[in-house]
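Please find below a colleague's note on the model, arranged as numbered points.

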Amino acid sequence: MLNEPKLNPNDSLGVLLRSAYSKMNPPPALESAVISGIPYAPRANTALHVRRFAKAIASYAICVILLIGGVYFASELMGETGPFATSPSEVSTAVSDPDLTTDADITTDSKKTTTNPKTKEPLYNGVPDVTYHPDIPSVNYPATPTAPFPTVKDPTPQSPTPDIPRPNSPNPWPSNNPWYYP
Amino acid sequence: MYTSQDDRDSIVKLYSQTVWRIALSHTRREDAAEEVYQETFMRLFPKEREFDSEEHRKAWIIRTTLICCKRYLSASFRSETLSLEEVSDTLILPEEESGVMQAILSLPAKYRLPLQLYYVEGLTADECAKVLEIRPVTFRVRISRGKTMLKEKLKGVGIYVE
């Protein structure tokens, strides 16, 4: 059986507590507002609000730092294609670089084809077109030729190679050689 | 409906300190105590409530105050409480009573409320047990432990109680 303690509300501790609690009184404005039924706005606890505001700012700053760090880390993972890896000017330079142009650019962008003023050879982005040859018509020429192709004459029979005997060696092509054909 | 202004006036003046002490002791914040104080009387006045006796009304008001305190503190953004020094500063008490208040406010709520209800608000042990929704035996054990803890804390601030 539990030995229940004897309670006396008027012991020394009770007197001390009643004395301490008797100084706790509600604000008169609050009491009169409740009596009259008018809503009373609680006083703002400035220290608490300042602390909460500081906490909110700190948490927001941490979020922003984590976000920036995440983006930076992701750009590092992606290499030069990341948003922080190359500046916009570098990106535009890289796009205009002829070495980086694609086949699609070559076939669609006709304005980049120019002509060398000295040799009249076609240039593509300032570089001679390796497919150009003066005797071979370009693929851009009209399909039907404006002039007939030049007639090719039969080649004239060439004279046989002069038989020049060497002084210190026998004639490699003697006339009695059955394989000799003048 | 409490249509009479005198009724409201007398009831508020009778229980004003009780509600305020419980609210401030439980929430440990003055702005929270103001809100709880206001809500407790707002719950009491708009409706015609039948009470068997004045003790019944007092127990209902104390119970409602405790419920309002718990509801107020249940919101996470309101759960932050002031330190004991800040609470004592807001009360503006003499040095000795400030030490007593610091000692009792430093107790856990499960020991602080029984001591306050029994010694300060004048409820009997059974009434306190009903208001706190605990068994009378549990209430007596908490009172005993709370007294021991409070005496130890009062010794720390130089107040010796028999």
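This is a predicted model: local features need pLDDT of at least 70, side-chain atom pairs count only at pLDDT 80 or more; totals for chains, interfaces and linings use all residues.

1. Residues are numbered from 1 along each chain as its sequence is written, chains are lettered from A in the order in which they are written, and side-chain values use heavy atoms, with hydrogens and water left out.

2. Chain A brings 38 residues and chain B 52 residues to their contact (heavy atoms within 4.5 Å). The area buried between the two chains is about 4000 Å², with carbon and sulfur atoms giving 63% of that area (the accessible area, with a 1.4 Å probe, that two parts lose on being put together, summed over both).

3. Between chain A and chain B there is one salt bridge (a side-chain nitrogen of Lys or Arg within 4 Å of a carboxyl oxygen of Asp or Glu), whereas the count over all chains is eight. A:D11 and B:K147 form a salt bridge in which the closest N and O atoms are 3.4 Å apart. B:K147 lies in helix α8 (residues 136–156) of chain B and A:D11 in the segment before α1 of chain A, so the pair joins two chains; helices are DSSP runs of H or I with at least four residues, numbered from the N terminus.

4. Six aromatic pairs are found over all chains (rings of Phe, Tyr and Trp, the last by its six-membered ring, with centres within 6.5 Å; planes under 30 degrees apart count as stacked, over 60 as edge-to-face and the rest as tilted). One of them, the pair of B:W20 and B:Y37, is edge-to-face, at 6.2 Å centre to centre and 75° between the planes. This pair links distant parts of the chain, with B:W20 in helix α1 of chain B and B:Y37, 17 residues apart from it, in helix α2 (residues 30–44) of chain B.

5. Helix α1 of chain B, residues 5–27, bends by about 50° at B:Y15 (the angle between axes fitted to the seven residues ending there and the seven starting there). After α1(B) comes B:R28, which has a positive phi, near 60°.
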